[in-house]
Structures are given as C-alpha cells and as structure tokens.
Protein chains: 2
Amino acid sequence: MKKRLIIDMDETIADSLSRQLEWYGRDASHDVTPDQLKGRHLHQFVTQEHAPMVRAYPHHQDFFHDLPLLEGAQDALLKLSETYDIYIASAAMEFPHSFAPKFDWLRRHFPFISPMRYIFCGDKSILKADYLIEDTPQHLEGFTGQGLLLTAPHNLNENRFRRINSWTEVLAILLPGDQSVPAR
Amino acid sequence: MKKRLIIDMDETIADSLSRQLEWYGRDASHDVTPDQLKGRHLHQFVTQEHAPMVRAYPHHQDFFHDLPLLEGAQDALLKLSETYDIYIASAAMEFPHSFAPKFDWLRRHFPFISPMRYIFCGDKSILKADYLIEDTPQHLEGFTGQGLLLTAPHNLNENRFRRINSWTEVLAILLPGDQSVPAR
C-alpha cells in the first residue's frame, strides 16, 4: 500500500496571499509585498481600521476563483502521486462560498487526483495519514503523522514543526532517491 | 478529552431514500416502499431502463434540499454531543451540487455542531475517530475505530459490522448508563 500524503490548499498549493495583496492594493491604494509581512497575516499587518476589510476577503464569493498556483506545486504533486496516495484537505468550512470554486480549481489544475480524495473540513485533527503538508501551524498540532510546515510569510516565526521552504525541498525529502528531483 | 464520533449524513441522519422514492413515484408512476428493497438500492430494484434515471437523482441540484430527518437522529445527536465530540462526514464529493444544501441542512437541523466539524469528502478511510456510524459498508471497511452499521434497506444483507437498527439503539450502546435513554 502506498503511503498517504495530505496536502493543504491555500498558501500550500494555491496562492491565496497574492489575491489578498491584490485586493488590498485595489481597496487601500497601498501596495504590500509578501516580504513586508514578516511573520504576520495581512490582517495583522494593516491598520486596525483596515483589518476587518482584509479578514472579510475570503468570505467574498469571488475570492477563490482562479487563484494562481504556488510555484512548483503542480509538478511536485504529479511526481509525488506516483509514489504516494495524495489527498487534498482544505479548511473550507469557514468559507462556504469557497466549495464550488475550490472543487473546480482542483479539477482543473490537478486532474490526476480523484475528487474522492478531496476533503473540505474545519478541524483537520480528524484526519489520519503518513504526512501532512501545511502552512498553518494549528493544523499540524493535532496531526499524528509527520507534519511538514511549508514556509509562508505568516508562519516565519513558527519553530515547532519541520520546515520546508519550497516544493523542490518537499520532493527532496519525500522522494530522496529520485534522480529527476534537483538536489538542494 | 471526549471520545470522537463521526456520523454520516445520507440514510444515517438525512432521509435521502424518501426523496428517491418520491421522485421515482413522480417519474415512473410506480410507488415503491422501503420494505420492497430488501438489500438493494433503488437503482438495483427498478428496471434496467429506469436505473440510469434513478442513479442521476442525487446529481440533480434540488435533490438534497430540505431532506427529511431520519427518525430520532436530531434528539440522539443532541444527547450524544454532551459526551462525545461529534463530526459529520458526508461523501459529498461525488455530488458537488450537494455542498451548499448539505451545509445549510446541517446548520438548520444541528445548530449545536460547529461547521468546523463538518467533513465533505470521498474516501472516508482518511478519517480517524473512536466511532463511525454509517449506512454504507464500504466506508466502514477501512475505518480503524469501532464501526457501527445503521440499518438501511440497501444494507440488510451485510454482516461484517456491528449492526444498529435505530438511533434509540445507538444511544443504548454509546450512553449505556444514561437513565434518560429508553432501554431496548
């Protein structure tokens, strides 16, 4: 039996931060770059006055449409799918509008993963697998397999979990003998 | 820490069979009762000509709206929620139209369960809990906790799992010392 690998969506394979920064630039006429966030979410970085607006973005029904892919995610998952059973788990219950666009996005960008392996949930501690790749430390807390924290601007100060900085690094860890994976 | 209990939706707490029989009666002018099914799904009971029509019902966007509750489910879950952490897991990925109506239905009928504990998935073997209550034997196959098969017309011939015949019986098993639960 193949080992099981659960992979998060937002800021793990889908670049939801770009959408946040894009909308904030539009609404506040203030360009913020990921480098400026330094361990904070955008709503923690902006003024108190702007924070509620930023927090509301993912509740808007257009937020999750056509998000860009995170660099290297598509190729990495295709390669990993030869060795692992891949599940995609998104904490989508907080944003019920996101169900349809998330489903369509996964179908379009990851046609090699069956929808039977999509999971829309809230609390991920109910999931069981060998690995969980996540940008959100809270979801790694209750996980009983090996958690891998994918670096994102908001989690730079987190040090409780094994950190990975890119999808190339994920491949080097999870497919160590694969000659087609660039060495770190 | 409370024990965890995962509960399925269709034919476990939501009476999706009633909707199927209702639509089949409307489309085929032929009334079928649950008693006639005797170990079969409706699509296995009807003529070969009608089977594709019946199989298509849950793909229709109106199918999951306002499904009736299964008898005793609402009271039982309220009572169980005092002792267990309850999660609701539905194999909804097969029917993407069902996400919104299922979410709304759960909010309406089970307001005491947080949406953070809803799970829309496909393959349930990725879930980990102490108990799983299900009408579908396939979902109990890969479950590592205690599986409980809730009797439904389609599963009458299944004998691999501990069978429960009603929500009253579930309470007698899971809340054995509770004086407010009627004895079997």
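Just after helix H1 of chain A, Ser29(A) takes a positive phi of about 50°. Helices here are DSSP runs of H or I with at least four residues, strands are runs of E with at least two, and both are numbered from the N terminus. Ser29(A) has this positive phi although it is not a glycine. The residue sits in the loop between helix H1 (16-28) and helix H2 (34-37) of chain A. Ser29(A) is exposed, with 7 other C-beta atoms within 10 Å.

The model is predicted: local features need pLDDT of at least 70, side-chain atom pairs count only at pLDDT 80 or more, and totals for chains, interfaces and linings use all residues. Residues are numbered from 1 along each chain as its sequence is written, while chains are lettered from A and ligands numbered from 1 in the order in which they are written.

The 13 residues of H1(A) should span 18 Å at 1.5 Å a residue, and the end C-alpha atoms are 18 Å apart, which agrees. The expected span is 1.5 Å times one less than the number of residues. Which residues of H1(A) are buried? They are Ser16(A), Leu17(A), Arg19(A), Gln20(A), Leu21(A) and Tyr24(A). These buried residues pack against H2, helix H3 (42-45) and H4 of chain A.

Helix H1 (residues 16-28) of chain B has 13 residues and reaches 18 Å from its first C-alpha to its last, close to the 18 Å expected. In H1(B), the buried residues are Ser16(B), Leu17(B), Arg19(B), Gln20(B), Leu21(B) and Tyr24(B). Their cover includes helix H2 (34-37), helix H3 (42-45) and helix H4 (51-56) of chain B. Ser29(B) follows H1(B), and its phi is positive, near 50°.

How are the two chains related? A rotation of 180° with 0.0 Å of shift along its axis superposes chain A on chain B, with an RMSD of 0.0 Å. That is the relation of a two-fold axis. The superposition is by least squares on the C-alpha atoms of residues with pLDDT of at least 70 in both copies.

The contact between the chains takes 20 residues from chain A and 20 residues from chain B. Two residues are in contact if their C-beta atoms, placed from the backbone, lie within 7 Å. On the side of chain A that touches chain B, the elements that give two or more residues are helix H6 (99-109) and strand E3 (118-120) of chain A. By class, that side has 15 nonpolar, two polar and three charged residues. Here Ala, Val, Leu, Ile, Met, Phe, Trp, Tyr, Cys and Pro count as nonpolar, Asp, Glu, Lys and Arg as charged, and the others, Gly among them, as polar. Of the interface residues of chain A, 100% are also interface residues in chain B, so the copies meet through the same surface.

Within chain A, the domain assignment gives domain 1 (3-15 + 69-174) and domain 2 (16-59); such bounds come from an automatic or database domain assignment. The C-alpha centres of domain 1 of chain A and domain 2 of chain A lie 22 Å apart. Their contact takes 10 residues from domain 1 of chain A and 11 residues from domain 2 of chain A. The side of domain 1 of chain A that touches domain 2 of chain A divides into four nonpolar, three polar and three charged residues.

The largest nonpolar core has 94 residues, and those with the most contacts inside it are Ile6(A), Ile119(A), Ile6(B) and Ile119(B). A nonpolar core is a set of buried Ala, Val, Leu, Ile, Met, Phe, Trp, Tyr and Cys residues joined through C-beta atoms within 7 Å. Leaving aside neighbours within four places in sequence, Ile6(A) is in contact with Tyr87(A), Ala89(A), Leu127(A), Ala129(A), Tyr131(A) and Leu132(A).

Some single residues remain. Asp66(A) has a positive phi of about 55° although it is not a glycine, and its place is in the loop between helix H4 (51-56) and helix H5 (73-80) of chain A. With 11 C-beta neighbours inside 10 Å, Asp66(A) counts as exposed. Ser166(A) is found in the loop between strand E6 (162-164) and helix H8 (167-174) of chain A. Ser166(A) counts as partly exposed, with 16 C-beta neighbours inside 10 Å.

Technical notes. Buried ≥ 20, exposed ≤ 12 C-beta atoms within 10 Å, placed from the backbone.
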